[in-house]
Amino acid sequence: MKNTVELKDVCKSLGSKEVFRDLNLAIPAGVITAIVGESGSGKTTLLSLINGVGFADSGSTYVFGEPVTSENLLQTQRRIGYAVQGAGLFPHLTAEENISIVARSIGMNSDFIKKRVRVLLELVHLDQELLKNFPHALSGGQQQRVGLCRAMMLNPSLILLDEPFSSLDPITRKALHSEIIELQKATSVTIVIVTHDISEAMKLSQWIVVLKGGALIQADSPENITNQPANQYVNDLLEAMS
């Protein structure tokens, strides 16, 4: 199985707190992977290492088969889409400006940008009439869809989603779950979703990574995790789902 991301012997501390020690992890290409774990398990730090927001203290992070370094950081980041909880939209920009901000900053053709925005709106089932709205005039689900469009604007090979659905109501969350699955099938993009909800991970992903205290507890298919939990912690997560 080809991997989009690999971490090899990664150690990372934030201040006096050790987050990862000798972490080895592979994230497969072309599927949805869910990163699951309690608060403080290292989920968001893992995304930061992948996206080059931070670097490992030792060890190596490989994305698209290349180590993430300061020299190739910009090139790597342009192939990665990033969406966060609450969408993280710029309040002073319209939905259209939020979606296209990176494309405009690197000088992409305005006609291409408009066409790409229309394609993305269709993918996430968002009405074009909302493009001129500012974030405060959008519902939570609409804001999250705009955030997804922004993450996909440059047609990335990898999309990172940091607890993107946790603040949404159950109906909107269910609709976005379906759209994420459809999006992945339509584009074959690698998607990594951070969540503390094991049931969400089971629904969305083909591969699940369980972290606890910065350690890799289990990385496997949902079926194998269900049938062969690595330890009591994984078993407790599964029991919390039922």
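Mentor: Just after helix 3, G107 has a positive phi of about 80°. Bear in mind that this is a predicted model.

Trainee: Which residues of helix 3 are buried?
Mentor: A95, E96, N98, I99, S100 and A103 are buried there.

Trainee: And what do the buried residues of helix 3 pack against?
Mentor: They pack against helix 4 and helix 5.

Trainee: Take I99. What is I99 in contact with, leaving aside neighbours within four places in sequence?
Mentor: I99 then contacts V117, L120, L121, L131, V146, C149, R150 and M153.

Trainee: Now the largest nonpolar core. Which of its residues touch the most other members?
Mentor: The core has 32 residues, and I99, L148, L161, I180, I191 and I193 touch the most other members. Helix 3 (95-105), helix 4 (110-123), helix 5 (140-152), strand 7 (158-162), helix 6 (170-187) and strand 8 (190-195) each supply at least two of its residues.

Trainee: Which element gives the largest share of this core?
Mentor: Helix 5, with five residues. Another core lies apart from this one; it has 24 residues, including L7, V19, I27 and I50.

Trainee: Switching to strand 8. How many of its residues are buried?
Mentor: Six of its six residues are buried. T190, V192 and V194 point one way, and I191, I193 and T195 point the other way.

Trainee: What does strand 8 pair with?
Mentor: Strand 3 (residues 32-36) pairs with strand 8 in the parallel sense, over five bridges. T33 stands opposite V192 there. Strand 7 also runs parallel to strand 8, and five bridges join them. In strand 8, V194 has D162 opposite.

Trainee: What unit do strand 7, helix 6 and strand 8 make?
Mentor: A right-handed β-α-β unit.

Trainee: Is D22 buried or partly exposed?
Mentor: D22 is partly exposed, with a relative accessible area of 46%.

Trainee: And H125, where is that found?
Mentor: H125 is in the loop between helix 4 and helix 5. Its phi is positive too, near 55°, and H125 is a residue other than glycine.

How values were computed: Residues numbered from 1 in each chain as written. Predicted model: local features only at pLDDT ≥ 70, side-chain atom pairs only at ≥ 80, totals over all residues. Heavy atoms only, no water. Core = buried A, V, L, I, M, F, W, Y, C linked by side-chain atoms within 4.5 Å. Buried < 20%, exposed > 50% of the residue type's maximum accessible area, 1.4 Å probe, protein only. Helix = DSSP H or I, 4+ residues; strand = E, 2+ residues; numbered from the N terminus. Contact = heavy atoms within 4.5 Å. Pairing = 2+ DSSP bridges. Right-handed = clockwise from strand over helix to strand, strands pointing away.
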